[in-house]
Each structure stands twice: as C-alpha cells, then as structure tokens.
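Student: I'd like to learn how to read a model like this one, feature by feature. Can we go through it together?

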Amino acid sequence: LPIDTASLGLSPSEQLWAHGAYGLTEESLSTCVSSLVDDLSRDVGTKPRAARLVTLLGLSAASESTSGWAAQELLKHTARLIPMDAGYQSLETPMVVRPGLAPWTPVSLMNGSSVDFSPFLHKLLSASKSPGVNVAIGASIALDEFASGRMAQHIAEACEQLEDWLRDSSSMIFRVNSWRELRHHHLPPGASPHFASFISHHAVENRQAFHDELADMQNSRDVLQVMDKLCMLVSHLHHPCLRLEMLEHILGLDSNSFDLEEVTGVVKLAFQVASV
C-alpha cells in the first residue's frame, strides 16, 4: 500500500526514493514533488527544468525497484510542470545534478554530473526490466518528442515511407517481396506478418488507413489532440509489423523495445498525463 511520509522526517529526495521503492500516498507525493521542484529550480534555473530533473530521479528510483505504478504516478505529477509548446526550447541545455542528491541512481547519473533529459531517458529504458516502468519512461520520451517537434518530423517521415509503399502496392509481386523483407525485421513476439494480408489487399487497406490517420495529425501542435488520435490509431491495430515499427519511431522509442500492448500503454499514459 502507498505510504504517508509526512511524519517520517525524510528529506524530499529520500521521499522520492521511497516513492520509487514503495509508493507514496497522493498527498505525500504531491508535497514531495513540489518541494523538490522548488528546491532544485534554484540549481537549474526554472521550475520546468527542475521538474524534468525530478522526473529523471524518480524514474530512476522506480526503475531500480521495478515499480511501474510508482513511475507512472510520478509522471502524472511532474509532466504537468513541463511546457509542451515553444517554451520547451529553454529546457534543452543539460542539467547538473547536485552532489549527494540521488545516491541510488542506477544509470550513470553521477553526483555533480551534467545530464541531458532525452538521452538519459533512453539509457534508463535500456536498463529497465519492468514493463510498467518502461511504459512510464516511454510516455515521458513520447511527450518530450512532441514538445521538441521531433514527433512531427517522424510523422512526416512515416507518411512519406507509406506513400512510397502504397505507390507500388498494386503489384502482387511487390507485396510478396515486401512480406518477405518484413519477415527479416527484428519484430516483437507475435508480430509476424500474415502472408494472406499481402496476397489480398488487406495490407494495402491497413497501411492506407494508417497513413490517413497520421496525415491528419501531421501539423497539429495540440498535444491532447495528437495523443488522442494516437490512442484511437493503436486501438485499430491487430497484427501490425511495419506500422508498429513506425509507431515506435514516431514516439521516439528504441526500435523493438516495445510490443503492441506496451506501445498502447505508452500512448494512453501520455494522453492521461497531458490531460492533467
């Protein structure tokens, strides 16, 4: 059960570690995050930058204890303090971690070191063994990809790739060769391409619909609208292969780190967090 740390005499950073290990009550976590953000903003310059640092520290603690619930609850508290618009650009420079702040951190976040937000999240993801923590890290990466403008670029790249494929898809020989090529990709378990879909026009219809959904969100700068569309898009997928690879790229996730269920969790959590 979540614990109430109000009377335990713990520092905010110790409470953050306790949340990663055991989970705090809603009130205790809210107080802990607010205190840490206020404190760290004097080190890193602004509250949004401090919120990013608290996100890294908290996800690190949750990763060490494999607590997916704790990681996801933390993100709901910190992400609301991080801008999703043009104000994002002020967050891009590395942050310096105060000596002694996070002795538990498992992935090269050393005392006094300089930390880049997105690269550190990817390091944390590569070390995490918990699907629930992976979803929280993935949602944080996806929101960062959106805010930075990289997601829009990835969507445009995916649309272009799909248009190239669809242009030649009237040829059955092309579709069969496409199926053969896809079989050699390093796909998650259960994501093997179905030959019948390529012999028929089912794969063409799926990819055309996927393209049209992506094109609708290509120029949107509304994070809720984009995440809502992505939620609807993943709900329509049943046996995706190329489309799953494209979704991972759009979300900024390492290829093949996530199966469809985890990608769905990432998108849903990102939408929940953006809705707060």
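Predicted model: local features only at pLDDT ≥ 70, side-chain atom pairs only at ≥ 80, totals over all residues.

Student: Which ring does Phe 195 pair with, and what is the geometry?

Tutor: For a ring pair, you look at the centres and the planes. The centres of the Trp 179 and Phe 195 rings are 4.6 Å apart and their planes sit at 65°, so this pair is edge-to-face; the cut-off for that label is over 60 degrees. Trp 179 belongs to helix H8 (residues 172-183) and Phe 195 to helix H9 (residues 195-199), so the pair ties together parts that are 16 residues apart in sequence.

Student: Is Trp 179 buried or exposed?

Tutor: Trp 179 has 14% relative accessibility, so it counts as buried, because buried means under 20%.

Student: How many aromatic pairs does the structure hold?

Tutor: There are three aromatic pairs. One of them joins Trp 165 and Phe 174, and that pair is tilted, with 5.8 Å centre to centre and 55° between the planes. Trp 165 is buried, at a relative accessible area of 9%, whereas Phe 174 is partly exposed at 25%.

Student: And charges over rings? Which residue lies over the face of Trp 165?

Tutor: Arg 207 does, at 4.4 Å from the ring centre of Trp 165. There's also Arg 221, which lies over the face of Phe 146 at 4.9 Å from the ring centre.

Student: Let's move on to helices. What should I look at when two of them pack?

Tutor: Two packed helices are described by the angle between their axes and the distance between those axes. Here, take helix H7 (residues 150-167) and helix H12 (residues 242-251): they pack at an angle of about 155°, with axes 8 Å apart. That makes H7 roughly antiparallel to H12, because the cut-off for that label is over 145 degrees.

Student: Which residues make the contact between H7 and H12?

Tutor: From H7 you have Met 151, His 154, Ile 155, Glu 157, Ala 158, Gln 161 and Leu 162. H12 brings in Leu 242, Met 246, His 249, Ile 250 and Leu 251. Sorted by class, the contact of H7 with H12 has eight nonpolar, three polar and one charged residues.

Student: What about Asn 134: where does it lie, and what is it in contact with?

Tutor: Asn 134 lies in helix H6 (residues 131-148). It counts as buried, at 11% relative accessibility. Leave aside the neighbours within four places in sequence, and Asn 134 is in contact with Leu 125, Ser 128, Phe 258 and Glu 262.

Student: How do I compare separation in sequence with separation in space?

Tutor: Leu 143, which has its place in helix H6, is 61 residues from Ile 82 in sequence and 9.6 Å from it in space, C-alpha to C-alpha. Leu 143 is buried, with a relative accessible area of 3%. Ile 82 sits in the loop between H4 and strand S1 (95-96) and counts as buried too, at 11% relative accessibility. Ile 82 and Ala 147 make another such case: 65 residues apart in sequence, 9.2 Å apart in space, again C-alpha to C-alpha.

Student: And where is Asp 216 found, and is it buried or exposed?

Tutor: Asp 216 is found in helix H10 (residues 202-217), and at 55% relative accessibility it counts as exposed. From Asp 216 to Val 226 it is 10 residues in sequence and 9.2 Å in space, C-alpha to C-alpha.

Student: What about backbone angles?

Tutor: Most residues other than glycine have a negative phi. In this model, Thr 66 has a positive phi, near 60°. Thr 66 is found in the loop between helix H3 (47-65) and helix H4 (68-78), and it is partly exposed, with a relative accessible area of 45%.

Student: Zooming out, what does the secondary structure come to, and what share of residues is buried?

Tutor: The protein chain has 13 helices and two strands. Buried residues make up 50% of its 276 residues. As for contacts between residues at least 6 apart in sequence, 64% join residues at least 24 apart.

Conventions. Residues numbered from 1 in each chain as written. Heavy atoms only, no water. Phe/Tyr/Trp six-rings, centres within 6.5 Å; stacked < 30°, edge-to-face > 60°. Buried < 20%, exposed > 50% of the residue type's maximum accessible area, 1.4 Å probe, protein only. Helix = DSSP H or I, 4+ residues; strand = E, 2+ residues; numbered from the N terminus. Lys NZ or Arg CZ within 6 Å of the ring centre and 35° of its normal. Axes fitted to C-alpha atoms, helices over the stretch in contact; angles between N-to-C directions. Parallel < 35°, antiparallel > 145°, perpendicular 65-115°, else oblique. Contact = heavy atoms within 4.5 Å. Nonpolar A, V, L, I, M, F, W, Y, C, P; charged D, E, K, R; others polar.
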